[in-house]
Amino acid sequence: MPRLLVTGGAGFIGSNFVHYWLRRHPDDRLVVLDALTYAGNLANLEPVKHNPQYRFVHGNICDQALVEKLLVEEQLDTLVHFAAESHVDRSITGPDAFIETNIVGTHSLLKAAKNIWLDTRRQEHRFHHVSTDEVYGSLGPHDPAFTEETPYAPNSPYAASKAASDHLVRAYHHTYGLQVTTSNCSNNYGPYHFPEKLIPLVITNILQGKPIPIYGDGLNIRDWLYVEDHCRGIELVLQQGRVGETYNIGGNNEWTNIDIVKLICDIMDELRPRSTRSAELITFIKDRPGHDRRYAIDAEKTMTELGYQPLGSFETGIRKTITWYLENEAWWKSIMEGSYLEWIEKQYSISDPTAK
Ligand code: NAD
Ligand code: TYD
């Protein structure tokens, strides 16, 4: 029976993973370690807080002694590493936190895992590192999608910090024999998605009657995956993935930003009609510096080797997501305060709506 340490379990994907895992493996022990940064929210874990198999620990992944203590005291054998600074725009205005958590923090976890699982106890273990397709850089319109063999070419400080962490994970396997796997996934969407990211930003701005900011010409392309499909991909890698390997996870679902925004506007107008059409809120603003043009994931290896398949259509996933935001107004309204409002103010007031 695996005993898991889930880092970053109070964030978007981490909390979805906790719910997914405890539903599917109710007898497994699951300990969440999370520093509760602006992106971490204990409300995301509210539904499991009384589950006796679950424990929450408030702490930083850079605290090697704490991680070692948890690995020993809880007899943990599996580490699923989600904790990160994850927003590209924040990495442009303040990259230091990305270096600290994504690189130094991942290295600290690797040292803790090596120390306990290899040097002290020599036990069966797995260190799974959750990463992103952004490490591969940007694609031209006709380029083939990213495979696990695509050379790394990270463009933003966020992507560079994730790339560095991927390399450290690989090196700890190659050099010390730590039993690692890595997954590189495309853009996720779904419940508990922090409203600074495109899809929840559009939904919550429409609900508040605020402008929908679209960077540049709106023709940048992302490959969107429902978060539960990502969780299932990680489960398959944990159960059947080969140690030392990396696996791409994606949805074969490329959309331009403007098309996805228009789709959300149409669904919102149907589910929550207002006196004016939501699309009238669309506002083109100054582009993100170094904005990657296109991401697309080729998940063939994960599909053939592990039997991975995303379930459900994009139309179903996006409707489920919008409905979740409509039914959980208290969740996203509680975030619209303090440091988040300051971020929105700073990020969007500097953008001149007339500049392209
Ligand atoms: P998120 O920003 O929503 O959550 C990150 C979580 O990590 C938060 O709970 C935060 O409190 C915690 N955290 C941050 N720094 C920490 C530290 N030093 N110590 C302990 N906890 C800390 O991020 P997310 O969107 O859920 O992404 C999770 C992981 O998945 C990240 O590693 C990210 O790179 C990767 N990923 C995300 C996407 C996506 O579309 N969101 C796609 C592919 C991969
Ligand atoms: P985002 O959700 O930040 O994810 P990532 O940058 O990691 O792909 O952004 C998704 C796309 O939406 C990206 O091309 C940037 C664009 N975008 C906007 O046009 N306006 C916005 O306000 C935000 C946050 C993103």
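Because the model is predicted, local features require pLDDT of at least 70 and side-chain atom pairs count only at pLDDT 80 or more, whereas totals for chains, interfaces and linings use all residues. Residues are numbered from 1 along each chain as its sequence is written, chains are lettered from A and ligands numbered from 1 in the order in which they are written, and side-chain values use heavy atoms, with hydrogens and water left out.

Ligand 1 is surrounded by 28 residues, of which I13, D34, S86, Y158 and K162 are the closest; a residue is counted as near if one of its heavy atoms lies within 4 Å. Polar contacts are pairs of N or O atoms within 3.5 Å; within protein, one must be able to donate a hydrogen and the other to accept it, and residues adjacent in sequence count only if both atoms are side-chain atoms. Oxygen atoms of ligand 1 lie 2.6 Å from a polar side-chain atom of D34 and 2.7 Å from a side-chain N or O atom of K162, while a nitrogen atom of ligand 1 is 2.9 Å from a side-chain N or O atom of N60. On its own, ligand 1 has 840 Å² of accessible area, and the protein covers 97% of it (Shrake-Rupley method, 1.4 Å probe). Two or more residues of the shell come from each of helix 1 (12–24), strand 5 (126–132) and helix 5 (157–176), with the largest share, 3 residues, supplied by strand 5; helices (H or I, at least four residues) and strands (E, at least two) are DSSP runs numbered from the N terminus.

Around ligand 2 there are 19 residues, and the closest are E134, R222, R288, H291 and Y348. Oxygen atoms of ligand 2 lie 2.9 Å from a polar side-chain atom of N187, 2.9 Å from a polar backbone atom of Y215 and 2.7 Å from a side-chain N or O atom of R222. Taken alone, ligand 2 exposes 510 Å², of which the protein buries 97%. Strand 8 (212–215), helix 3 (88–93) and helix 6 (198–208) each give two or more residues to this shell, and strand 8 gives the largest share, 3 residues.

D223, in strand 9 (residues 221–223), is buried yet has no salt bridge, the nearest side chain of opposite charge being R294, 7.6 Å away. Here buried means under 20% relative accessible area (1.4 Å probe, protein chains only), Lys and Arg count as positive and Asp and Glu as negative, with His and the chain ends not counted, and a salt bridge is a side-chain nitrogen of Lys or Arg within 4 Å of a carboxyl oxygen of Asp or Glu. Polar side-chain atoms of D223 lie 2.9 Å from the backbone nitrogen of I297 and 3.4 Å from that of N252.

Technical notes: Buried means under 20% relative accessible area, exposed over 50%, partly exposed in between (1.4 Å probe, protein chains only).
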